[in-house]
Amino acid sequence: MPEMITERTNPSTPLPIASYNLPFEKACLHHMSETLNASKAYIIISGSLSRNTSYLDVLVNELGKDKVAGVWKGMTPHTLYSELLEIAKDVKKSGADCIVTLGGGSIIDGAKGMVFALANDVDLNDIEAFDVFLKKSLAFRKARGQDPTAKSDQKPSKIPIITITTTLSAGEYNPTGGATNDATKHKQLFVDPAFTGPKVIIWDPELTLTAPEKVWLSTGLRAVDHCVESICSLRPTEEGSEYARKGLELLIPALLETKANPENLEARLNAQKGGAYSMKPFLLEDVPVGGSHGIGHQLGPYGVPHAGNSLAPYPSFRQRSLIRPETTCILMPAVQKFNAKVNASTQASLAEMLWNNPVVENVLKKHQLPRDTSDLGDILDIVIRELGFARTLKDHGVKREDLDKIAVSSLSDFCSTTNAIPLTEKEQVMEILEACYG
């Protein structure tokens, strides 16, 4: 049996940790018993994994039925209040002292909301009270941003979460969650006062083979976008840029390798490691992202899928409800070309780093990209094309007459204001959109 490896996701705190090098079920049993001192797990598994694989049985058999307090299969996309509260009732009734999520998407946000509600004795039959509760948590987060000494009378979550992930969307690293009000369809963000997220994140690259190729690669490209926009940020930090560079060095070669050979488990693990690094600039250094995120949030209603884990502090339901992965593929190169007016030297350094990677270099040469005259935007364009994604708004059926409305909407997005060149005029956004139109 190989030796388990763990890494702190935040160097200054013992938890959370990422764990790998063991089969997911064995790692889960170890961390339940040894890391969290838990004895009763409530398992929440994604619907697709429960229907199409035997991984639930694998996990239950490894833990032992005496350590499984309950199981819930699947959640509705966007984490409806009613469903979250219904599962929370079952968790409470079960006597579970930890939650294990197996899969991605809504179940991770759902678990965050459940443990937060249970820690505060929220009335699990009162959706309106739950809505007020979540809004209050976000108001505290905003207040804390303005005054670090601000206090909350809400209690931090107590029941720990173990997440076993299958994609690169990286929501497991973010303590903020989101849940949708059934009546209003508004997606409400929330976070407990201790900014508690999952305690243990388990990587098992073999498990990621269950993710459709398009989901795997597109969520990976969104993580690439987090890295690029963190390094080329309006307010970069030295430590944040170092995290992001490590993320890129892992992610881009790994995505190209898994596209060429989906069974390459070493590359899949490197992509998971890179996804973790992609979130560190934002979570640990408060580095903002920019226009690729800000404009991308607005493209969903016009037919362009957006990505799984927004780094906008307070995106609206309209933004987050259409969160799937392809706006990055259209916007990322064009935004960097637009921003080169103010950060060309930073972009040139990144381009040099990518050219120096043999996996990336081979792909760039395959597409006959000239090293001496190309820039970062050109490199990103080739990588995205090599991974098989459409590169233009026209490819996604966006009408030219809609560009003006998209540009206006983009100006109100928080991430547009933190672009390396803050996007404050419609004409700026139109320049980027025209470059993407095709």
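E431 is partly exposed, with a relative accessible area of 45%. For the terms here, buried is under 20% relative accessible area, exposed is over 50%, and partly exposed lies in between, using a 1.4 Å probe and protein chains only.

Hello everyone, a word on the model before I go on. It is a predicted model, where local features need pLDDT of at least 70 and side-chain atom pairs count only at pLDDT 80 or more, while totals for chains, interfaces and linings use all residues. Residues are numbered from 1 along each chain as its sequence is written, and side-chain values use heavy atoms, with hydrogens and water left out.

Back to E431. Its partner in a salt bridge is K341, with the closest N and O atoms 3.7 Å apart. A salt bridge here is a side-chain nitrogen of Lys or Arg within 4 Å of a carboxyl oxygen of Asp or Glu. K341 lies in helix α12 and E431 in helix α17 (residues 426-437), so this pair ties together parts that are 90 residues apart in sequence. K341 itself is exposed, at 57% relative accessible area. When I say helix, I mean a DSSP run of H or I with at least four residues; a strand is a run of E with at least two, and both are numbered from the N terminus.

Please look at α12 on the screen.

D153 pairs with K136, the closest N and O atoms being 2.8 Å apart. Since D153 sits in the loop between α6 (127-146) and β6 (161-164) and K136 in helix α6, the pair ties together parts 17 residues apart in sequence. D153 is exposed at 59% relative accessibility, and K136 is partly exposed at 40%. R391 and D381 also meet, at 2.6 Å from N to O. Are these two buried or exposed? R391 counts as buried at 12%, and D381 is buried at 16%.

Let's go inside. The largest nonpolar core has 39 residues, and among those that touch the most other members are L221, V224 and L255. Such a core is a set of buried Ala, Val, Leu, Ile, Met, Phe, Trp, Tyr and Cys residues joined through side-chain atoms within 4.5 Å. Helix α7 gives the most to this core, with eight residues. L255 touches, among others, L168, W216 and L387, not counting residues up to four places away in sequence; contact means heavy atoms within 4.5 Å. A second, separate core of 28 residues includes M75, V91, I99 and L134.

Last, the rings. There are seven aromatic pairs: rings of Phe, Tyr and Trp (its six-membered ring) with centres within 6.5 Å, called stacked if the planes are under 30 degrees apart, edge-to-face if over 60, and tilted for the rest. F116 and F133 form a tilted pair, 4.5 Å centre to centre with 40° between the planes. F116 is buried at 1%, as is F133 at 10%. Y81, F116, F130, F133 and F190 form one aromatic cluster.
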